[in-house]
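Reader: Hi! Could you walk me through this model before I set anything up?

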Amino acid sequence: MKNFQQILLILQISSVCSVCKMPTAWFGLWYQQGMTSLLDITDDQIQTKGLCIDVLPSQQYYLFTDRSNRCARCLVFIQRHMNLLQYRESECYDPDDLLNITSCPNVIAPDAGLYTLHRSNSNPQICPIHAPLRLINLIKDGSVCHQSISSSYINECADPYQFHLHLTPCVAHQSILDFQFVCVGSWIEDFHTYFITRILSDHPKTNQYACFRFLTRQKYSSSLSLYMATDDSCRDLYSKHMSTVITFSTKNYLIHDECTFPKRFQSYEWYSINRTIKMIIKLNNIEFNGIDQRFHCQQIIHSEKLVTTYRIRSFTNCHMKEECLRIIQRTDNVLELHTIPLINEGDCVYFNEKNVNVHSTYFTQSLSVSNPCPNYIGHLIYQTNIDHHNRRKSFYMSIGCDQKEKLTISQKSRDIGQRSIIQTDTCLASWQSDDSFITYLIVQSSYSNASYCLNFQMTNPILIQNNSNECSYHHSNHGKTTSFYSAHLINPCSQSTQISFNFLLLSITIFLFYRHLIVHAKQ
């Protein structure tokens with residue numbers, strides 16, 4: 001008789017398993033607290049639970065059988081969000097007991113443990129709270145904590161999907177709670193807003209997820225009481241007695257809604273010289289992809305045709321500081337960004353170049369420039385540094401002459417009077433410094449997607465700086481990415497340019513001479 005029942009069960013499984021399909025939205029890998037590996041949900045199986053053999057779709061009850069462990073059990077699922085599932089399960093029954101799907105609502109106890117599944121590698125979601133927030137009350141384990149109020153806070157991060165929570169201890173022997181969260185899901189239920197975050201931590205023993213809830217009507221009020229659970233399971237999320245309750249007040253930052261960055265910059269992607277950073281300019285934010293940094297516009301201090309100064313909040317990861325930002329449009333497709341620390345209210349008005357923290361250049365190739373090569377330099381000859389054979393090599397550089405938008409580097413061949421071209425790169429943009437002493441040229445390499453910047457100090461001889469990271473002549477970190485050469489003018493591209501160049505060179509020489517006399521006289 002027992003063998004007959006087993007055969008009958010197998011026949012039942014074969015006949016119904018085809019109709020038991022898990023929702024496609026659940027497919028994939030999931031994290032559950034206490035499990036040593038991720039759980040894999042497929043169309044009719046859940047790892048560690050077995051094969052799904054029947055379902056009550058309207059109530060989300062599923063009947064599973066695990067043949068290897070001779071276990072049949074019922075599970076009821078609650079989908080809170082596309083990135084979060086919770087479930088309760090019955091005890092394990094012997095498959096011979098012929099457990100039926102219709103009995104599942106009766107065999108799962110109302111107080112059965114609530115388990116939480118977090119989708120692995122879930123995409124970030126918009127957070128339902130808006131940092132920065134300042135703590136005004138803290139309850140931990142039922143006790144009001146007064147000591148940590150003044151130095152605890154929630155800050156916003158460079159990534160708009162993240163926020164930073166810092167809680168100082170209530171008593172001396174407790175450790176500081178300092179978490180960086182990325183929001184992965186939120187939902188509204190029974191007048192409350194719930195949201196789930198992934199904890200960004202380098203410590204392997206740290207819990208991976210934290211859960212929060214607050215009264216939805218408090219979202220836009222002056223204070224917000226946030227209930228927090230950081231035990232991964234989120235099973236206390238619906239408890240009235242969560243261990244940590246934090247009440248925050250909106251931090252009073254001076255924010256000007258009319259502070260926006262120029263619209264003419266917002267339609268393009270801007271790149272650093274070495275192309276490792278992509279800059280996106282939005283309405284009131286500048287985002288830097290490649291480094292975890294963002295500028296938020298607070299106030300326009302001064303604006304001219306090509307130069308605008310702003311008061312900003314600068315975010316690096318989740319650390320914020322107030323700074324002054326100056327954006328200079330060098331050409332249609334080149335922007336220079338300068339920042340200095342904001343210590344006093346007047347710092348942005350009296351922008352001091354000597355205190356510049358960051359000097360960076362960005363360009364876009366979405367805009368074409370009519371004359372990207374400086375046409376007044378022409379043909380140059382320069383020598384490389386001494387090699388391991390104690391020799392120097394001479395090279396010829398031609399800028400926008402034979403080909404209008406090209407920079408050509410050649411070397412003398414063995415045939416007398418002939419030169420062999422070894423490199424032909426493309427000019428992207430060029431401009432002069434404010435005092436006209438230095439010419440800057442951004443060039444696209446013909447060998448790769450890389451670009452570099454050449455700085456020509458217009459003296460005699462001409463000093464050339466080749467930098468693959470930056471265009472600043474004075475603020476560069478001179479290292480392996482920077483080379484220096486001394487060059488001599490052979491002849492410009494045309495006779496008219498020769499006259500202009502000679503006049504420019506003479507003017508610069510006279511200016512440097514008189515400046516030297518003035519400095520010497522003062523000494």
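This is a predicted model: local features need pLDDT of at least 70, side-chain atom pairs count only at pLDDT 80 or more; totals for chains, interfaces and linings use all residues.

Reader: Thanks! What pLDDT does the protein chain average?

Author: The average is 82, and 82% of the residues score at least 70; pLDDT is the predictor's confidence in each residue, from 0 to 100.

Reader: And where does pLDDT stay under 50?

Author: Residues 4-18 are under 50, and the model has 13 contacts for them beyond four places in sequence (contact means heavy atoms within 4.5 Å). Residues 495-501 are also below 50, with 11 contacts beyond near neighbours in sequence.

Reader: Good to know. How many helices and strands are there in the protein chain?

Author: Three helices and 33 strands. Both are DSSP runs numbered from the N terminus: helices are H or I with at least four residues, strands are E with at least two. Of the 523 residues, 46% count as buried, where buried means under 20% relative accessible area, exposed over 50% and partly exposed in between, using a 1.4 Å probe and protein chains only. Among contacts between residues at least 6 apart in sequence, 47% join residues at least 24 apart.

Reader: Which strands close into a barrel?

Author: Eight of them, in the order β18-β19-β20-β21-β22-β23-β24-β25, with antiparallel pairing. Two strands pair if DSSP finds at least two bridges between them. Neighbouring strands of this sheet are turned by 30° against each other on average, direction ignored; the axes are lines fitted to C-alpha atoms, for helices over the stretch in contact, and angles run from 0 to 180 degrees between N-to-C directions.

Reader: Let's look at β18. Which residues are on its covered face, and which on the uncovered one?

Author: In β18 (residues 269-272), Trp-270 and Ser-272 are on the covered face, while Glu-269 and Tyr-271 are on the uncovered one. Three bridges join β18 to the antiparallel strand β19 (residues 278-281), and Trp-270 has Met-279 as its bridge partner there. On the β25 side (residues 358-363) there are two bridges, again antiparallel, and Ser-272 stands opposite Tyr-362.

Reader: What sits between β18 and β19 in that hairpin?

Author: Five residues, and Arg-275 takes a positive phi near 65° in this hairpin.

Reader: Switching topic: which residues have the most contacts inside the largest nonpolar core?

Author: Ile-154 and Phe-163, in a core of 26 residues. A nonpolar core here is a set of buried Ala, Val, Leu, Ile, Met, Phe, Trp, Tyr and Cys residues joined through side-chain atoms within 4.5 Å. Strands that each supply at least two residues of this core include β9 (133-140), β12 (162-167) and β13 (177-189). Another core lies apart from it, with 20 residues, among them Cys-373, Tyr-376, Leu-441 and Val-443.

Reader: What is Phe-163 in contact with?

Author: Beyond its neighbours within four places in sequence, the contacts of Phe-163 include Ile-154, Phe-179, Phe-181, Phe-195 and Phe-212.

Reader: Now the charged ones. Is Arg-80 buried or exposed?

Author: Buried, because its relative accessibility is 14%. Arg-80 lies in β6 (residues 71-81), and its side chain makes a polar contact of 2.7 Å with the side chain of Gln-86. A polar contact is a pair of N or O atoms within 3.5 Å; within protein, one must be able to donate a hydrogen and the other to accept it, and residues adjacent in sequence count only if both atoms are side-chain atoms.

Reader: What about Arg-326?

Author: Arg-326 is buried too, with a relative accessible area of 17%. This residue lies in β23 (residues 319-331), and a polar contact of 3.3 Å joins its side chain to that of Thr-309.

How values were computed:
Residues are numbered from 1 along each chain as its sequence is written. Side-chain values use heavy atoms; hydrogens and water are left out.
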